[in-house]
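Hi,

Here is the model I said I would pass on. Have a look at it first, and my notes follow below.

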Amino acid sequence: MTDDKPSKKVANQYERGYDYTKYWDNRDYENAAEHMAIRRLLKGDHFGNAADIGGGFGRLCILLRTFSDKVTLAEPAASQLEAAKKVLEGTDIAQVQMQADDLKFADGELDLITMIRVMHHLPDPTAEFAEIARVLAPGGTAIIEVANYGHFKNRRRHKKQGTPLPTEPVSIRTVKADEPDAIAFVNHNIDTVLGQLQTAGLTLDSKLSVSNLRSQKLKRALPTRAMLAVERATQSRLAKNNFGPSIFLKLRKA
């Protein structure tokens, strides 16, 4: 009998000729804002064993190595791992192909986990959160970036319309998917995500609002240095209202 149940989706969107390294051209502000956020959240901390989940070509791994004795780039796409060979050449950072919902680590093996720019591909991240909690040691730290639907512009729009912010993920795909099982592009409700994390056993320690000046007009008008000065002054303050398009959550496992 043929099993018509769809196979497990594999996050291989970068296996179809898309060069993710090029995505970061002209995104110096966003890249620096994310590095800034991680440094601030981890300031004063040091870890034994860390992993960057869905870390692409290793963009953040060298930074993580300054906070950890050992770092693993855990990435599902073979093409990204191939690109990472050049980026991470000369380092001791391990590169392993794996899915976020099927991590190849033992229970409690990791002291630090980061998962940045992955959540917008996960309409239902409960399996991924469960895996993160499983492989994280008691007292361990996770930094998870959430693509935030409830950013300032959307909150203002919903207020004018007199409608509440949705609690479920919202698709932000602007063009029709090129394949029936194309990977998702969604924004999340932060409160919903925090509830899912709590269920998985991960408790919020602190959060930052990141890329608060993400605007093509501003990037054309202001030098990156000026934008980053504003970013530094606002990441913590604006996190209280989940202002920006990207919210970085620092979480602890009990």
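Gly108 sits in the loop between strand E3 (94-97) and strand E4 (110-115); strands here are DSSP runs of E with at least two residues, helices are runs of H or I with at least four, and both are numbered from the N terminus. With a relative accessible area of 27%, Gly108 is partly exposed (buried means under 20%, exposed over 50%, partly exposed in between, with a 1.4 Å probe and protein chains only). Leaving aside residues up to four places away in sequence, Gly108 touches Arg134, Val135, Leu136 and Ala137, where contact means heavy atoms within 4.5 Å. Its C-alpha atom is 9.4 Å from that of Ile132, which is 24 residues away along the chain.

Before the rest, a word on the ground rules. This is a predicted model, in which local features need pLDDT of at least 70 and side-chain atom pairs count only at pLDDT 80 or more, while totals for chains, interfaces and linings use all residues. Residues are numbered from 1 along each chain as its sequence is written, and side-chain values use heavy atoms, with hydrogens and water left out.

Now the rings. There are five aromatic pairs in the structure; rings of Phe, Tyr and Trp (its six-membered ring) pair if their centres lie within 6.5 Å, and planes under 30 degrees apart count as stacked, over 60 as edge-to-face and the rest as tilted. Tyr20 and Tyr23 are a stacked pair, because their ring centres are 5.5 Å apart and their planes are at 20 degrees. Both belong to helix H1 (residues 20-23), three residues apart, or about one turn of the helix. Tyr20 counts as buried, at 11% relative accessibility, whereas Tyr23 is partly exposed at 24%.

The rings of Phe152 and Phe243 are stacked too, since their centres are 5.2 Å apart and their planes are at 20 degrees. Phe152 lies in helix H6 (residues 152-161) and Phe243 in the loop between helix H9 (224-239) and strand E9 (246-253), so this pair ties together parts that are 91 residues apart in sequence. Phe152 is partly exposed, with a relative accessible area of 34%, and so is Phe243, at 24%.

Back to the tyrosines: ring pairs link Tyr20, Tyr23, Trp24 and Phe57 into a cluster. Two arginines come in here as well. The charged end of Arg27 sits over the ring of Tyr23, 3.8 Å from its centre, and that of Arg59 sits over the ring of Trp24, 3.9 Å from its centre. "Over" requires NZ of Lys or CZ of Arg within 6 Å of the ring centre and within 35 degrees of the ring normal.

Cheers
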